[in-house]
Amino acid sequence: MAVLIVLGHELIEIGYENGISTSDSGIFATIGLGLAHGHLPYSSYWDHKLPGIYLVDAAIFKLLPANPWSLQVGETVMFLALVAAFWFAARQVASPLISAVGTALFAYLSTLPLLNQGGNLVESYWQLPEVIALGCFLRYLRGSAGGQRVSVRVPLLLAGVAAGVSTLFAPQALITLVL
């Protein structure tokens with residue numbers, strides 16, 4: 001259900017934007033394309049955002065042709081991974097039914113075209129490492145409460161790495177590191 005919501009919203013978004021990037025999205029794509037061709041952020045191109053969005057766009061442009069449709073494909077893949085990560089996080093604390101309903105609602109709200117504003121925004125991409133960090137942290141808490149000591153540190157390490165990655169996208173991601 002959540003996968004269908006993500007795919008449906010992404011198709012609606014393609015219809016709204018028709019492949020035209022908004023101002024922020026276009027700036028991010030331009031800098032990402034520059035990075036894909038060997039230019040340096042903050043030297044060859046300047047913007048006040050952290051480098052995460054530029055690195056994602058550069059990676060997309062290395063794998064796919066340099067056009068807005070490629071960014072849409074990359075964002076759709078990211079949202080599908082985000083929904084899977086949210087399901088994992090929800091399953092750490094809730095039943096399968098509650099997790100499924102919560103994941104469907106999360107998929108609906110996080111991909112809503114009105115809020116996503118055409119995509120390729122920092123706010124879209126920083127969700128994935130944040131949710132991964134939350135899921136791993138909840139897994140750590142569940143494992144440590146159950147008395148598992150051998151592999152309990154791996155989820156905590158992954159939570160820290162994911163939280164660190166999220167700070168490459170947005171400074172508010174530091175909140176996760178405070179957990």
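Helices here are DSSP runs (H or I, at least four residues), numbered from the N terminus. The model is predicted, so to speak of local features asks for pLDDT of at least 70 and side-chain atom pairs count only at pLDDT 80 or more, while totals for chains, interfaces and linings use all residues. Residues are numbered from 1 along each chain as its sequence is written, and side-chain values use heavy atoms, with hydrogens and water left out.

Begin with alanine 104, which lies in helix 5 (residues 96-110). This alanine is buried, with a relative accessible area of 14%, where buried means under 20% (1.4 Å probe, protein chains only). Alanine 104 sits 98 residues from valine 6 in sequence, yet their C-alpha atoms are 9.0 Å apart in space.

Now look at helix 2 (residues 23-36) and helix 3 (residues 52-63): their axes, which come within 7 Å, cross at roughly 60 degrees. Axes are lines fitted to C-alpha atoms over the stretch in contact, and angles run from 0 to 180 degrees between N-to-C directions. Phe28 and Ile31 of helix 2 are among the residues making the contact, as are Ile53 and Phe61 of helix 3; contact means heavy atoms within 4.5 Å.

Finally, the largest nonpolar core has 30 residues, and Leu82 and Val122 have the most contacts inside it. Such a core is a set of buried Ala, Val, Leu, Ile, Met, Phe, Trp, Tyr and Cys residues joined through side-chain atoms within 4.5 Å. Helix 4 gives the most to this core, with 6 residues. Beyond its neighbours within four places in sequence, valine 122 touches Phe28, Lys49, Ile53, Phe169 and Ala170.

Notes
Helix = DSSP H or I, 4+ residues; strand = E, 2+ residues; numbered from the N terminus. Buried < 20%, exposed > 50% of the residue type's maximum accessible area, 1.4 Å probe, protein only.
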